[in-house]
Amino acid sequence: MSYIIAEPCIGTKDTACVDACPVDCIHPKKDADGYEAAPQLYIDPVECIDCGACVPVCPVTAIFVLDELPEKWKDYERINTEHFQK
Ligand code: SF4
């Protein structure tokens, strides 16, 4: 399992989660190529250690553990995973 970033991140991309993540698995970072073009941030499901540190720092409540991902945003599991398969 991993944590998932869902729709509220679109257009927000606050990146407080990037700073909070102890294993550096949330991308793209603000200074990375592709940050401006990315619609949202993504969590690498392979690297995520399920610590939950990113959840409380998100100003728009966009991050959920997979079990609690709202049904309307269930596609975001695939969307996060696919970002790292490009
Ligand atoms: Fe990073 Fe922890 Fe959030 Fe996973 S749950 S993305 S390891 S801060």
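A residue counts as buried when its relative accessible area is under 20%. Keep that cut-off in mind as we walk through this chain, which is a predicted model.

Let's start with the fold. The chain has two helices and four strands, and read from the N terminus the elements follow the order β-α-β-β-β-α. The radius of gyration is 11 Å, close to the 12 Å that the globule rule gives for 86 residues, so the chain is as compact as a globular protein of that length. Along the principal axes, the C-alpha atoms fill a box of roughly 30 × 25 × 25 Å.

How is the chain held together across its sequence? Take the contacts between residues at least 6 apart in sequence: 73% of them join residues at least 24 apart. Of the 86 residues, 40% are buried.

Now for a look inside. The chain contains one aromatic pair. Its partners are F64 and W73, whose ring centres lie 5.8 Å apart with the planes at 50°; because that angle falls between the 30 degrees and 60 degrees limits, the pair is tilted. F64 has a relative accessibility of 15%, so this residue counts as buried. W73 is buried too, with a relative accessible area of 13%.

Conventions: Residues are numbered from 1 along each chain as its sequence is written. This is a predicted model: local features need pLDDT of at least 70, side-chain atom pairs count only at pLDDT 80 or more; totals for chains, interfaces and linings use all residues. Side-chain values use heavy atoms; hydrogens and water are left out. The radius of gyration is taken over C-alpha atoms; the globule rule is 2.2 Å times the number of residues to the power 0.38. Buried means under 20% relative accessible area, exposed over 50%, partly exposed in between (1.4 Å probe, protein chains only). Contact means heavy atoms within 4.5 Å. Rings of Phe, Tyr and Trp (its six-membered ring) pair if their centres lie within 6.5 Å; planes under 30 degrees apart count as stacked, over 60 as edge-to-face and the rest as tilted.
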